[in-house]
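The following note sets out, point by point, what may be read from the model shown below. Please consult it alongside the coordinates.

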Amino acid sequence: MSSLLETALGIPRLLVGLALRPMRIAMRGPMPRPKTQRELADLVDSSLKHEIRAGYTHRFITLMFVTAGERVFCRRYTYGEPSWHSVFQMDPAGQVRLDKTIVNIEARVPQDLDEIVPDVDQAYADALKKLGASYMLAGATELRAQESTMEIRLADPPASTP
């Protein structure tokens with residue numbers, strides 16, 4: 001199938017999914033807070049909406065998280081400054097909201113970035129295909145997106161909130 005046809009077929013699926021997401025989230029209750037990194041990855045995989053904030057006073061922004069094994073990753077899709085990414089580089093403490101569940105986290109550039117990039121790229125490809133948004137893959141896996149990869153880990157010990 002041509003890439004233009006795949007894009008054309010994917011857009012309605014993406015729009016329907018986006019239109020139904022608020023109703024699906026409203027029908028869900030809060031999930032239990034994860035106690036392990038594996039539980040965090042499972043919660044990411046089962047959540048319909050991913051949000052992140054650097055620190056505890058910034059607003060939550062919607063961002064796509066992906067998993068590779070029990071590891072959780074996110075990438076920038078806009079590159080203006082200041083950004084959540086630059087704030088996390090100064091201080092890794094923050095929070096994610098997965099549907100209705102808020103979790104304290106630390107976000108850092110993975111130490112094995114060069115080795116993990118292919119797995120993260122594949123996770124983005126799989127997630128975008130599932131959403132019907134394969135046309136977004138080029139931007140999600142371009143070099144500057146790869147270089148912006150952050151790993152999300154449960155805060156250990158949990159970060160204190162004000």
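1. Confidence in the chain is lowest in helix H1 (residues 3–27), with a mean of 52, and highest in E4, at 97. These figures are pLDDT values, the predictor's confidence in each residue on a scale from 0 to 100. The mean pLDDT of the chain is 82, and 77% of its residues reach 70 or more. The model is predicted, and local features need pLDDT of at least 70, side-chain atom pairs count only at pLDDT 80 or more, while totals for chains, interfaces and linings use all residues. Residues are numbered from 1 along each chain as its sequence is written, and side-chain values use heavy atoms, with hydrogens and water left out.

2. The secondary structure of the chain amounts to 6 helices and 7 strands, where helices (H or I, at least four residues) and strands (E, at least two) are DSSP runs numbered from the N terminus. Read from the N terminus, the order of elements is α-α-β-β-β-β-α-β-β-α-α-α-β.

3. An open sheet is formed by 7 strands in the order E2-E1-E5-E6-E7-E4-E3, with antiparallel pairing. Its edge strands are E2 (61–62) and E3 (65–68), each of which pairs on one side only. Two strands are taken to pair if DSSP finds at least two bridges between them. E1 and E2 run antiparallel and are joined by 2 bridges; the bridge partner of Ile52 in E2 is Ile61.

4. Of the 162 residues of the chain, 44% count as buried; buried means under 20% relative accessible area, exposed over 50%, and partly exposed in between (1.4 Å probe, protein chains only). The chain exposes about 9400 Å², of which carbon and sulfur atoms supply 58%. Accessible areas come from the Shrake-Rupley method with a 1.4 Å probe, and for residues only the protein chains shown count as cover. Among contacts (heavy atoms within 4.5 Å) between residues at least 6 apart in sequence, 69% join residues at least 24 apart.

5. The largest nonpolar core has 31 residues, and those with the most contacts inside it are Leu40, Ile52, Phe65, Cys74, Phe88, Val96 and Ile152. Helix H4 (residues 113–131) gives the most to this core, with 5 residues. A nonpolar core is here a set of buried Ala, Val, Leu, Ile, Met, Phe, Trp, Tyr and Cys residues joined through side-chain atoms within 4.5 Å. Apart from its neighbours within four places in sequence, Ile152 is in contact with Gln37, Leu40, Ile52, Phe65, Val72, Cys74, Val96, Ile105 and Glu106.

6. Is Glu151 buried or exposed? Glu151 counts as buried because its relative accessibility is 8%. This residue lies in strand E7 (residues 150–154). The side chains of Glu151 and Arg71 are joined by a polar contact of 2.8 Å. A polar contact is a pair of N or O atoms within 3.5 Å; within protein, one must be able to donate a hydrogen and the other to accept it, and residues adjacent in sequence count only if both atoms are side-chain atoms. Not counting residues up to four places away in sequence, Glu151 touches Arg71, Val72, Phe73, Glu106, Ala107, Arg108 and Pro110.

7. His50, in strand E1 (residues 50–54), is counted as buried because its relative accessibility is 11%. Its side chain has a polar atom 3.0 Å from the backbone oxygen of Val44, and the side chain of His50 also reaches the backbone nitrogen of Phe65 at 3.0 Å. Beyond four places in sequence, the contacts of His50 include Ile61, Leu63, Arg97 and Leu98.

8. Arg97 has its place in strand E5 and is partly exposed, with a relative accessible area of 26%. A polar contact of 2.6 Å joins the side chains of Arg97 and Glu51. With residues up to four places away left out, Arg97 touches Lys49, His50, Glu51, Phe60 and Ile102. Ser47 and Arg97 are 50 residues apart in sequence and 9.5 Å apart in space, C-alpha to C-alpha.

9. A cis peptide bond, with omega about -5°, joins Glu81 and Pro82; Pro82 is found in the loop between strand E4 (71–74) and helix H3 (84–90). Asp99, although not a glycine, has a positive phi of about 55°. Asp99 lies in the loop between strand E5 (93–98) and strand E6 (101–108), and counts as buried at 8% relative accessibility.
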